[in-house]
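User: I'm new to this one, so please take me through it slowly.

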Amino acid sequence: MTKFTDIKGFVFDLDGVITDTSVFHSQAWHQVADKVGAPWSQELEDGLKGISRMDSLEMILKAGNLSDKYTEDEKVDLATEKNTNYLKLVDQMTPANILPGIKKFLDDLKAHNYLISLASASKNAPKVLSKLQLTDYFPQIVDPQSLTKGKPDPEIYLKGAELINLKPEQCIGVEDAAAGVEAINAANETSIGIGDPKILAAADIKFNDTGEMTLDHIKSQMN
Ligand code: G6P
Ligand code: MG
């Protein structure tokens with residue numbers, strides 16, 4: 001395993017790591033699932049984490065055996081409706097929506113000269129960061145529109161490392177989604193999984209919640 005001293009940068013997921021927008025995404029998708037008559041379950045909710053907008057819709061339709069029921073245009077309309085509902089929730093966000101310990105962790109990273117980038121599949125990431133007043137911490141953001149494949153493909157995490165001019169081995173990726181941890185591992189970065197350790201079993205380093213994520217705790221799990 002990579003040594004703590006080899007690490008020079010952190011590549012962050014956004015939703016469910018920096019802020020609890022994963023709850024808002026779930027709420028907005030649940031509304032779509034109810035509308036089309038697809039069953040909602042905890043398993044589906046967990047599986048949607050980290051998945052792009054259109055792929056998420058496909059997963060919901062598949063859960064209801066509805067994949068062939070809608071035209072491409074109708075699917076775009078459903079995804080747009082979800083996004084409109086999601087953005088209503090985002091509009092009410094303030095820095096109080098930053099998850100516990102994250103602001104301090106970002107300050108510690110800056111103080112220790114670690115490089116930072118964002119690897120979120122969300123097209124709304126710049127808007128969310130702005131609502132949280134965290135834009136200045138993330139000068140480098142992977143543009144999800146530039147990707148050919150979503151998580152669990154490593155592409156987004158490889159780009160996150162590239163943006164800060166580091167080799168993947170010099171980066172730690174931070175995720176709350178199983179698909180995201182898989183992407184980090186496939187990119188050859190060290191993975192931190194935040195949340196249910198059963199769902200994030202593949203993560204190199206695990207924390208139950210963001211409040212536990214400190215440089216000291218990471219160091220002790222790596223050495
Ligand atoms: C993140 C979230 C997903 C969301 C995806 C796309 O990965 O975890 O729940 O579907 O971003 O977000 P967007 O804001 O572009 O619809
Ligand atoms: Mg996430």
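**Backbone and ligand**

User: Where does Asn113 lie?
Analyst: Asn113 belongs to the loop between α5 (102-111) and β2 (115-118), where helices (H or I, at least four residues) and strands (E, at least two) are DSSP runs numbered from the N terminus. This is a predicted model, in which local features need pLDDT of at least 70, side-chain atom pairs count only at pLDDT 80 or more, and totals for chains, interfaces and linings use all residues. Residues are numbered from 1 along each chain as its sequence is written, chains are lettered from A and ligands numbered from 1 in the order in which they are written, and side-chain values use heavy atoms, leaving out hydrogens and water.

User: What is the phi of Asn113?
Analyst: Asn113 is not a glycine, yet its phi is positive, about 60 degrees. Most residues other than glycine have a negative phi, and most peptide bonds are trans.

User: Which peptide bond is cis?
Analyst: The bond from Lys151 to Pro152 is cis, with omega near 15 degrees, and Pro152 is in the loop between β3 (140-141) and α7 (155-163).

User: Changing topic, what surrounds ligand 1?
Analyst: Its surroundings, counting residues with a heavy atom within 4 Å, include Asp15, His25, Arg53, Lys82 and Lys123. At least three residues of this shell come from each of domain 1 (4-20 + 97-222) and domain 2 (22-90), with bounds from an automatic or database domain assignment.

User: Which side chain has a polar atom 2.6 Å from an oxygen atom of ligand 1?
Analyst: That is Ser122, while a side-chain N or O atom of Asn124 is 2.7 Å from a ligand oxygen, and a polar backbone atom of Ile51 is also 2.7 Å from one. A polar contact here is a pair of N or O atoms within 3.5 Å.

Note on methods: A polar contact is a pair of N or O atoms within 3.5 Å; within protein, one must be able to donate a hydrogen and the other to accept it, and residues adjacent in sequence count only if both atoms are side-chain atoms.
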